[in-house]
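Open the structure in your viewer and keep the selection tool ready. We will go stop by stop.

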Amino acid sequence: MDYLPIFTKLQSQPCLVVGAGEVAIRKIHLLLRAGAEVTVCGIECRPEIAELAEQGKLTLLLQAFDESMVSGVRLVIAATDSIDVNKQVATVADAQGIFVNVINEPEQGSFVMPSIVDRSPMLIAISSAGHAPVLARMIREKLEGILPKHIGPLTALAGQFRETVKQQLAKPTARRRFWETLFSRGEVASLLEKGQGQQAQQKILSSLEGFTAQGEVALVGAGPGDPSLITLKALQLMQQADIVLFDQLVSTETLELVRKDAKLVNVGKEAGKHSVIQEKTNELLVQYAKAGKKVVRLKGGDPFIFGRGGEELEELIEHQIPFQVVPGVTAASGCSSYAGIPLTHRDYAQSVVFVTGHNKAQGAGPNWASLAQANQTCVFYMGLLQSAKIQQNLIEAGRAASTPVAIVSKGTRQDQQVITGQLSQLVELSQEVQPPALIIVGEVVSLADKLAWFGQQADAGQAASSLINLA
Ligand code: SAH
């Protein structure tokens with residue numbers, strides 16, 4: 001972080017603007033809006049500034065900058081058109097420990113002015129630390145567009161009730177949950193929008209009455225790795241969570257989207273220790289929810305596709321803990337899209353099956369005869385270690401040894417790798433890649449050469465995704 005963003009109180013504080021031209025005007029207005037006691041110095045001055053001085057809104061010193069002007073001032077803005085004068089102002093202010101901003105030369109000063117979205121008392125400040133002011137402005141415009149109209153009055157109203165809520169709900173977690181629930185329902189905002197301020201106040205009070213922070217669990221699909229593939233709902237829940245229990249498949253980039261104060265618990269499973277860890281995970285979910293926490297159980301891909309999501313929910317039902325399930329992009333969808341392999345195609349495959357390569361020790365294996373049917377795409381999850389079994393059983397059940405196959409490793413991630421070949425080479429191919437990897441069997445794989453797009457434009461030396469054809 002190049003700068004620490006803070007919001008500073010300037011009501012009745014002496015502030016100095018050196019320069020009285022066009023660029024100074026905007027800064028002067030901002031300082032006045034913040035209630036500062038503004039002094040402007042300049043040899044010449046814009047009529048608009050003179051007018052503000054006549055109205056008594058600021059003090060105008062029609063003279064050159066003098067070191068003595070800086071003493072006792074809270075902050076200084078150097079906005080003259082002379083690089084030397086601006087530099088001098090910055091040096092003088094700095095020497096006295098006074099914050100100074102130099103217009104157009106941010107590196108010379110000690111603070112920068114952000115782009116702001118002003119819905120007072122809600123304020124959003126955006127800064128690119130001087131690197132790309134245009135980009136910061138574009139982000140500001142975007143935010144202006146998506147913020148609800150009544151966010152200002154809503155903020156002010158919440159402020160009025162802050163103390164009352166604090167007295168009623170002793171625990172900070174309970175208070176946070178109260179406000180989250182209230183804001184997410186949107187009732188108060190819509191009453192304000194209709195101009196029904198009185199009713200909005202009543203709504204806050206009635207919601208507060210008897211409010212208890214009830215624990216709940218959201219079973220959330222985190223997708224296959226690329227963080228931009230998560231759903232809006234997943235993002236919302238990750239931003240509100242107290243605790244996030246995640247497993248090995250959830251990418252680091254996706255975890256970065258979790259609320260910064262939330263506790264992250266890795267419940268990743270090690271091979272061979274499944275059942276023990278699964279039981280412990282179930283216990284933790286119940287324990288946290290019973291303590292009134294908002295728990296997110298984040299699972300790679302989709303929680304209901306080879307994710308044991310159902311088993312975790314059964315445990316919650318037993319303990320009467322409220323829950324919801326948020327679907328995610330499953331590995332088959334993510335990997336096939338990012339590898340350019342359509343799972344169905346009018347010419348090649350009329351159906352697609354998702355199969356697990358990993359079965360319970362005593363459990364029945366898949367129906368190989370049905371998987372070996374032509375015009376069908378088979379996607380094997382957890383199949384890397386079972387590639388010999390898959391290759392042998394499919395061929396024995398009648399699938400042609402020349403059927404195209406692909407292994408997509410680390411699908412949708414920056415280091416995605418796609419290897420293609422024929423079914424008879426599956427064992428060989430599987431030795432080339434790292435887990436997690438997905439095996440796709442079917443004629444549709446032959447389209448990968450033509451449809452591959454992910455990482456294709458990257459520099460050859462640092463290609464994000466590589467397509468290797470061993471056929
Ligand atoms: N619930 C998950 C699947 C869990 S099973 C989902 O819907 O995607 C774990 C298996 O998923 C791995 O062994 C692998 O076969 C597959 N997998 C998950 N993420 C993957 C990725 N990014 N790339 C390739 N395969 C992946």
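**Stop one: Glu44**

Select Glu44. It counts as exposed, at 67% relative accessibility (exposed is over 50% relative accessible area, partly exposed lies in between, and buried is under 20%, with a 1.4 Å probe and protein chains only). Glu44 sits in the loop between S2 and H2. Helices (H or I, at least four residues) and strands (E, at least two) are DSSP runs, numbered from the N terminus. Now show what Glu44 touches: leaving aside neighbours within four places in sequence, it is in contact with Ala20 and Leu62. Contact means heavy atoms within 4.5 Å.

A word on the model. It is predicted, so local features need pLDDT of at least 70 and side-chain atom pairs count only at pLDDT 80 or more, while totals for chains, interfaces and linings use all residues. Residues are numbered from 1 along each chain as its sequence is written, and side-chain values use heavy atoms, leaving out hydrogens and water.

**Stop two: Ile43**

Select Ile43, in the loop between strand S2 (37-41) and helix H2 (47-54). Ile43 is exposed, at 68% relative accessible area. Beyond neighbours within four places in sequence, Ile43 contacts Leu62, Gln63 and Ala64.

UniProt positions follow the numbering used here, feature names are shortened, and annotations may be inferred rather than shown by experiment.

**Stop three: Asp247**

Jump to Asp247, in the loop between strand S9 (243-246) and helix H10 (252-255). Is Asp247 buried or exposed? Asp247 is buried, with a relative accessible area of 10%. Leaving aside neighbours within four places in sequence, its contacts are Val267, Gly268, Arg297, Leu298, Lys299 and Gly300. Finish by selecting Lys269, which UniProt's unreviewed entry lists with Asp247 under "active site".
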